[in-house]
Amino acid sequence: MWQSEVRVDLDAIRDNVALLRSGTGAELMAVVKADGYGHGMVPAARAALDAGADWLGVCTLDEALTLRRAGVTAPVLAWLLAPGLPLHDGVAAGVDLAAASLPQLDEMIEASRRVDRPTRLHLKIDTGLSRGGATVADWPALLEAAAKAQADGLVEVVGVWSHFVYADLPGHPTTDRQLAVFHEGLDMVERAGLRPRYRHLANSAATLTRPDTHFDLVRPGLATYGLSPVSGERFGLRPAMTARARVMLTKRVPAGTGVSYGHTYVTEREANLAVVPLGYADGVPRHASNVGPVQLAGRRRTIAGRVCMDQIMVDCGDDPVAAGDVATLFGPGTDGEPTADDWADAVGTINYEIVTRFGGVRVPRVYDGERP
């Protein structure tokens with residue numbers, strides 16, 4: 001008998017990747033960083049590859065090496081690399097690495113020398129996000145150094161890439177401005193004598209709404225897991241995650257009963273309270289206090305009082321509820337349960353954050369659709 005679980009539908013991930021593949025002529029990189037957005041990196045990666053993903057994308061070197069240790073041989077790009085990491089381990093494992101500065105490039109050259117194998121390199125230009133990537137001013141020097149390193153056999157410049165700011169708001173002028181900067185950066189790449197096989201810019205939102213940004217490779221993350229990056233649009237995606245728990249305890253309390261820390265919730269009438277063993281240590285945002293939706297005892301309800309570290313309380317009024325009943329925090333919504341989007345709206349965040357919070361140490365992931 002289980003107490004709480006995050007259930008992941010791998011067939012939904014497969015369907016989502018197949019849908020995304022059908023909408024582009026480019027190759028597809030399924031982004032499985034952050035433990036597959038909370039869905040489990042290795043199972044999600046395998047499901048995405050089953051459905052035709054060509055690449056996998058991660059942030060950290062450790063994530064990339066975890067995929068390799070799991071037997072994943074598909075191309076993998078890792079792009080969030082602090083100084084001093086054992087990049088030679090990634091080079092030896094055939095992991096593609098991203099560079100956005102001369103010091104990063106120098107570390108990759110040293111890694112190549114250490115293992116006597118060229119680094120497969122993706123150069124990143126900052127087109128407007130002001131996060132990762134070389135500025136337009138620094139871009140020519142990075143290209144010149146990369147071209148020399150490639151001529152020396154120390155790197156292979158495989159890709160050039162950037163990342164969007166506002167692709168989740170279709171029609172926002174920033175997207176067109178970034179695209180123009182990216183084209184300018186590509187012109188500089190050509191003048192530097194580099195001919196990378198892959199130019200990539202499109203995230204989930206651009207993959208779904210801007211085919212003119214697809215180039216040679218698209219990088220959907222959130223959409224892989226069935227969640228839409230564009231408010232109000234579903235695109236036929238199937239959410240893959242359901243978070244639920246069994247009621248631990250019920251009690252009948254009188255009107256005027258304060259519930260949870262600080263008594264920020266007080267019952268208006270005599271009521272049946274249900275104690276559900278999921279809290280902020282398990283992924284429930286504390287901001288969901290008094291607003292987080294839960295399906296329990298046949299209808300949607302709202303968390304009563306503050307979210308605790310290990311549990312939440314739900315006021316079920318006069319409806320019958322018993323220990324062992326299933327409380328569903330979110331799922332695909334096909335049975336009337338709340339969705340990750342409903343949770344994001346309730347707590348003032350984005351659906352990305354909701355799913356990424358769940359499936360940690362205490363809450364086991366259970367997979368449907370696993371294949372041998």
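Colleague: Before we start, what does buried mean here?

Modeller: Buried means under 20% relative accessible area, and please keep in mind that this is a predicted model.

Colleague: Okay, so is asparagine 272 buried or exposed?

Modeller: Asparagine 272 has a relative accessible area of 15%, and because the cut-off for buried is under 20%, asparagine 272 counts as buried. This residue lies in strand S14, which covers residues 271-276.

Colleague: And what does the side chain of asparagine 272 make a polar contact with?

Modeller: The side chain of arginine 252 is one partner, at 3.2 Å, and the side chain of asparagine 272 also reaches the backbone oxygen of aspartate 319 at 3.0 Å. Leaving aside neighbours within four places in sequence, the residues in contact with asparagine 272 include Lys251, Val314, Cys316 and Pro320.

Colleague: Switching to helices, at what angle do H6 and H7 pack?

Modeller: Helix H6 (residues 102-115) and helix H7 (residues 139-151) pack at an angle of about 10°, with their axes 10 Å apart, which means that H6 is roughly parallel to H7. The contact is made by Leu102, Leu105 and Ile109 of H6 together with Ala141, Leu142, Ala145, Ala146 and Ala149 of H7.

Colleague: What classes of residue are in that contact of H6 with H7?

Modeller: The contact of H6 with H7 has 8 nonpolar residues, with no polar and no charged ones.

Colleague: Last one, which residues of helix H3 are buried?

Modeller: In H3, residues 41-50, the buried ones are Met41, Val42, Ala44, Ala45, Ala47 and Ala48, and they pack against helices H1, H2 and H4 as well as strands S2 and S3. Just after H3, glycine 52 takes a positive phi of about 110°.

Methods: Residues numbered from 1 in each chain as written. Predicted model: local features only at pLDDT ≥ 70, side-chain atom pairs only at ≥ 80, totals over all residues. Heavy atoms only, no water. Buried < 20%, exposed > 50% of the residue type's maximum accessible area, 1.4 Å probe, protein only. Helix = DSSP H or I, 4+ residues; strand = E, 2+ residues; numbered from the N terminus. Contact = heavy atoms within 4.5 Å. Axes fitted to C-alpha atoms, helices over the stretch in contact; angles between N-to-C directions. Parallel < 35°, antiparallel > 145°, perpendicular 65-115°, else oblique. Nonpolar A, V, L, I, M, F, W, Y, C, P; charged D, E, K, R; others polar. Polar contact = N/O pair within 3.5 Å; in protein donor to acceptor, adjacent residues only side chain to side chain.
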